Amino acid sequence: YKILADRHLLPAAEGAAGALNETLVKAVDPGARFLADKSEVELLREAKSTDRAERFPEGIGYIKLKGVELSAPSEISTTLDSWSNGIPHGLVLDLRGAGGNSAEAVDKISGFYLPAGMPIYNLRDAEGRIVRTGKTEKPVQPAKFPRPLILLADTNTCGAAEILCGSLRGRDGIVMIGQTTAGKPHLRDIV
């Protein structure tokens, strides 16, 4: 049962069995919650992406992400809007040690800086077939996203954070600083 709970693969259950499943999963993962509809029960983690954010007196913003999760684009946008001194003159996006699993968040964050609909990466399966082509999305609430954007990465940057680095690296007004990221580059192609 623990193996299923660790991998978030519990069978759908109603009534007391469903309550027991939810209780057992929350014992393993307190951030987990169940969403129920008529056809299935999904286990989702409420993951907060932002670890730290501050605006330096020099007018530079700093946001440390612990992962590129579905909430990351709105957290970045909300953080920028919350700074009372206005949008900073530049932004450091610290992805050192970050992971994440949201390709959708990569598409949205890339859309802050690149034209909408622009292909930015291909995800491939183990046999080399393209399973997803990521394209930038236009922000829901267009805001002025600061340039230059400095991406910090290290050998522990992986998953969606690594794809985000590759998608933005070398673009106009965007600089990546740090070490080679972790991961399996043969499964990802930067377009």
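Predicted model: local features only at pLDDT ≥ 70, side-chain atom pairs only at ≥ 80, totals over all residues.
Local features were taken at pLDDT of at least 70 and side-chain atom pairs only at pLDDT 80 or more, while totals for chains, interfaces and linings use all residues. Residues are numbered from 1 along each chain as its sequence is written, and side-chain values use heavy atoms, with hydrogens and water left out.

The protein has five helices and ten strands. Both are DSSP runs numbered from the N terminus: helices are H or I with at least four residues, strands are E with at least two. Of the 191 residues, 40% are buried. Buried means under 20% relative accessible area, exposed means over 50%, and partly exposed lies in between (1.4 Å probe, protein chains only). The accessible surface comes to about 10,700 Å². Carbon and sulfur atoms account for 54% of that surface. These areas come from the Shrake-Rupley method with a 1.4 Å probe; for residues, only the protein chains shown count as cover. Contacts (heavy atoms within 4.5 Å) were also counted along the chain. Among those between residues at least 6 apart in sequence, 63% join residues at least 24 apart.

Five strands form an open sheet in the order 3-4-5-8-9. The pairing is mixed. Two strands pair if DSSP finds at least two bridges between them. In general, strands of a sheet pair through backbone hydrogen bonds, either parallel or antiparallel. Strand 3 (50-55) and strand 9 (174-178) stand at the edges. Each has a single partner strand, so one side of each lacks a neighbour in the sheet. From one strand to the next, the twist averages 15 degrees. Strand 4 (residues 60-65) and strand 5 (residues 90-94) run parallel and are joined by five bridges. Within this pair, Y62 stands opposite V92 of strand 5.

Helix 5 lies across strand 5, strand 8 (149-153) and strand 9, at about 140 degrees to strand 8. Axes are lines fitted to C-alpha atoms, for helices over the stretch in contact; angles run from 0 to 180 degrees between N-to-C directions.

Helix 5 (residues 159-168) is largely enclosed by the rest of the structure, because ten of its ten residues are buried. Among them are I163, L164 and L168. C165 is buried at 1% relative accessibility. C158, in contrast, is partly exposed at 32%. The structure holds zero disulfides, a disulfide being a pair of cysteine sulfur atoms within 2.5 Å. G170 follows helix 5 and has a positive phi, near 80 degrees.

Helix 3 contributes A72, P73 and I76; helix 4 contributes A105, K108, I109 and F112. By class, this contact has six nonpolar, no polar and one charged residues. Nonpolar covers Ala, Val, Leu, Ile, Met, Phe, Trp, Tyr, Cys and Pro; charged covers Asp, Glu, Lys and Arg; the others, Gly among them, are polar.

E104 is found in helix 4 (residues 103-113). Its relative accessible area is 35%, so E104 is partly exposed. Leaving aside neighbours within four places in sequence, E104 is in contact with L70, R132 and E137. L70 is 34 residues from E104 along the chain, and their C-alpha atoms are separated by 6.8 Å.
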